Amino acid sequence: MEGHLTKKGEEEREFKELAVYELLDDLGISYTRLDHEAVYTIEGCDEIGGLLGVKLCKNLFLCNSQRTKFYLLMMPGDKRFVTREFCRQIQSPRLSFAPPEYMEQFLNITPGSVSVMGLMNDTENRVQLVIDRQVLEMEYIGCHPCVNTSSIRLSTKDLAEKFLPRVKHDYWTVEL
């Protein structure tokens, strides 16, 4: 991975990435940042997570067939997603991956950059956050700051007790 690490200057960062750091700083949330080449899969995140000392979460952006209900699921990266089990627990009929245009519209993120940090852009609360219990039991989580060329590590407690209340999102807990 060493050859894939990068060092970005502030002028190379997108506004949406800088907005994440600004909000975390305003909330007094400490985080560790690692810049790297773009990654698009959870497998590509494994080595990055190792360098950060945390497992990066798998984040799935899902919707119902009518595209009226949207969900952001955070789960351990090494866990298999079973749609039927997830749908049963949230009491929803069949779900699928939401089209990228909704991801951009609601969260201001693109495929490969899906992250809980995107909820700061969901001012109309169109997306329901759902977190696997195993993630909530971890001391730290790893995620992208709305771009897939950097990753951050922060405490799960700070996410739940500071970040989510500030962005006015609650979460449902599931066991997958």
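## Sheet and nonpolar cores

Strands β1 and β7 are paired in the antiparallel sense over 5 bridges; two strands count as paired if DSSP finds at least two bridges between them. Helices (H or I, at least four residues) and strands (E, at least two) are DSSP runs, numbered from the N terminus. This is a predicted model, in which local features need pLDDT of at least 70 and side-chain atom pairs count only at pLDDT 80 or more, while totals for chains, interfaces and linings use all residues. Residues are numbered from 1 along each chain as its sequence is written, and side-chain values use heavy atoms, with hydrogens and water left out.

Leu34 has Ser151 of β7 as its bridge partner. The open sheet has 3 strands in the order β1-β7-β6, with antiparallel pairing. Its edge strands, β1 (31-35) and β6, each pair on one side only.

The largest nonpolar core has 37 residues, of which Phe61, Val116, Met117 and Phe163 touch the most other members. Such a core is a set of buried (under 20% relative accessible area, 1.4 Å probe, protein chains only) Ala, Val, Leu, Ile, Met, Phe, Trp, Tyr and Cys residues joined through side-chain atoms within 4.5 Å.

Notes
Buried < 20%, exposed > 50% of the residue type's maximum accessible area, 1.4 Å probe, protein only.
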